Amino acid sequence: MDLDAIPVAALLALAVSLFGLWRGERAHNRSREAERFLLQQAVLLKAEAVRSEWYALNRENDTLILRLSLHRDLQPELRAIASDYLQGQKEFLAMCIADATAYAENVFANGTMFSEKRCREDIRLIELSLEKLRRNQGVSERKYDELMQQAAVYGVV
């Protein structure tokens with residue numbers, strides 16, 4: 001093929017159209033990268049929210065331990081059972097906080113390498129966990145109050 005036989009205007013039009021195609025593709029990739037970045041940030045924020053929820057449950061458990069220690073009228077057997085349960089709960093919450101912290105730190109360190117698919121999957125799983133954690137807020141305190149009311153009714157206090 002002889003380039004001299006192709007008019008300069010046609011070559012110029014081809015170059016302009018290729019440039020326009022390249023710019024469009026580049027703009028599309030930028031928007032996809034921006035969306036992926038926003039997804040990565042959402043995963044990081046939700047991971048931090050999960051960690052905060054675990055800390056809130058831990059504070060609630062610590063409050064119950066304090067309330068139990070201040071409740072002097074309680075029989076020693078009931079106090080021991082409640083104390084053992086709350087201490088076990090404290091150990092469980094400490095493990096959950098450690099897991100949530102490790103996950104949040106992993107997301108912080110490696111979040112920029114997460115694919116869009118992984119980000120969406122992680123967000124879906126984290127939102128389920130957050131919903132469960134938020135539903136558990138106050139449950140221990142209600143159970144403790146019910147236990148103390150029942151103990152008062154039966155004269156165990």
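Reader: Where is the place of Asn 61, and is Asn 61 buried or exposed?

Author: This is a predicted model, and in it Asn 61 lies in helix 1. Its relative accessible area is 2%.

Reader: Which residues is Asn 61 in contact with, leaving aside its neighbours within four places in sequence?

Author: Contact here means heavy atoms within 4.5 Å. With neighbours within four places in sequence left out, the contacts of Asn 61 are Leu 86, Gln 89, Lys 90 and Leu 93.

Reader: How do helix 1 and helix 2 pack, roughly parallel or roughly antiparallel?

Author: The axes of helix 1 and helix 2 are 9 Å apart, and the packing angle is about 165°. Angles over 145 degrees count as roughly antiparallel. The crossing of these two helices is left-handed. Because of the angle, helix 1 is to helix 2 roughly antiparallel.

Reader: What is the angle between helix 1 and helix 3, and why are they called roughly parallel?

Author: Helix 1 passes helix 3 in a left-handed crossing. Their axes are 9 Å apart, at an angle of about 25°. The cut-off is under 35 degrees, and therefore helix 1 and helix 3 are roughly parallel.

Reader: Which residues in helix 4 meet helix 1?

Author: The axes of helix 1 and helix 4 come within 9 Å and cross at roughly 20°, which means that the two helices are roughly parallel. Helix 1 passes helix 4 in a right-handed crossing. On the helix 1 side, the residues are Glu 60, Leu 64, Arg 67 and Leu 68. On the helix 4 side, they are Val 139, Ser 140, Glu 141, Tyr 144 and Asp 145.

Reader: Which element gives the largest share of the largest nonpolar core?

Author: This core has 17 residues, and Val 43, Val 50 and Trp 54 have the most contacts inside it. The elements that give two or more residues to the core are helix 1 (8-70), helix 2 (76-110) and helix 3 (116-136). The largest share, six residues, is that of helix 1.

Reader: What does Val 50 touch, not counting residues up to four places away in sequence?

Author: Val 50 is among the residues with the most contacts inside the largest nonpolar core. Beyond four places in sequence, the residues touched by Val 50 are Ala 100, Ile 126, Leu 130 and Leu 133.

Reader: How many residues are in the second, separate core?

Author: Leu 64, Ala 82, Leu 86 and Met 148 are included in this second core. Leu 86 is also one of the contacts of Asn 61. The number of residues in the second core is nine.

Reader: Is Gln 40 buried or exposed?

Author: Gln 40 is found in helix 1. It touches Gly 111, Thr 112, Met 113, Phe 114 and Cys 119, not counting residues up to four places away in sequence. With a relative accessible area of 7%, Gln 40 is buried.

Reader: Is Tyr 154 buried or exposed?

Author: Tyr 154 is placed in the segment after helix 4. Its C-alpha atom is separated by 26 Å from that of Glu 60, 94 residues apart along the chain. The cut-off for an exposed residue is over 50%, so at a relative accessible area of 67% Tyr 154 is exposed.

Reader: Which element has the lowest mean pLDDT?

Author: The chain has a mean pLDDT of 87, and 97% of its residues reach 70 or more. Among the elements, the highest mean, 91, belongs to helix 2. The lowest mean, 86, belongs to helix 4.

Definitions and conventions: Residues are numbered from 1 along each chain as its sequence is written. This is a predicted model: local features need pLDDT of at least 70, side-chain atom pairs count only at pLDDT 80 or more; totals for chains, interfaces and linings use all residues. Side-chain values use heavy atoms; hydrogens and water are left out. A nonpolar core is a set of buried Ala, Val, Leu, Ile, Met, Phe, Trp, Tyr and Cys residues joined through side-chain atoms within 4.5 Å. Buried means under 20% relative accessible area, exposed over 50%, partly exposed in between (1.4 Å probe, protein chains only). Helices (H or I, at least four residues) and strands (E, at least two) are DSSP runs, numbered from the N terminus. pLDDT is the predictor's confidence in each residue, from 0 to 100. Axes are lines fitted to C-alpha atoms, for helices over the stretch in contact, and angles run from 0 to 180 degrees between N-to-C directions. Angles under 35 degrees count as roughly parallel, over 145 as roughly antiparallel, 65 to 115 as roughly perpendicular and the rest as oblique. A crossing is left-handed if the near helix is turned anticlockwise from the far one by less than a right angle, and right-handed if clockwise.
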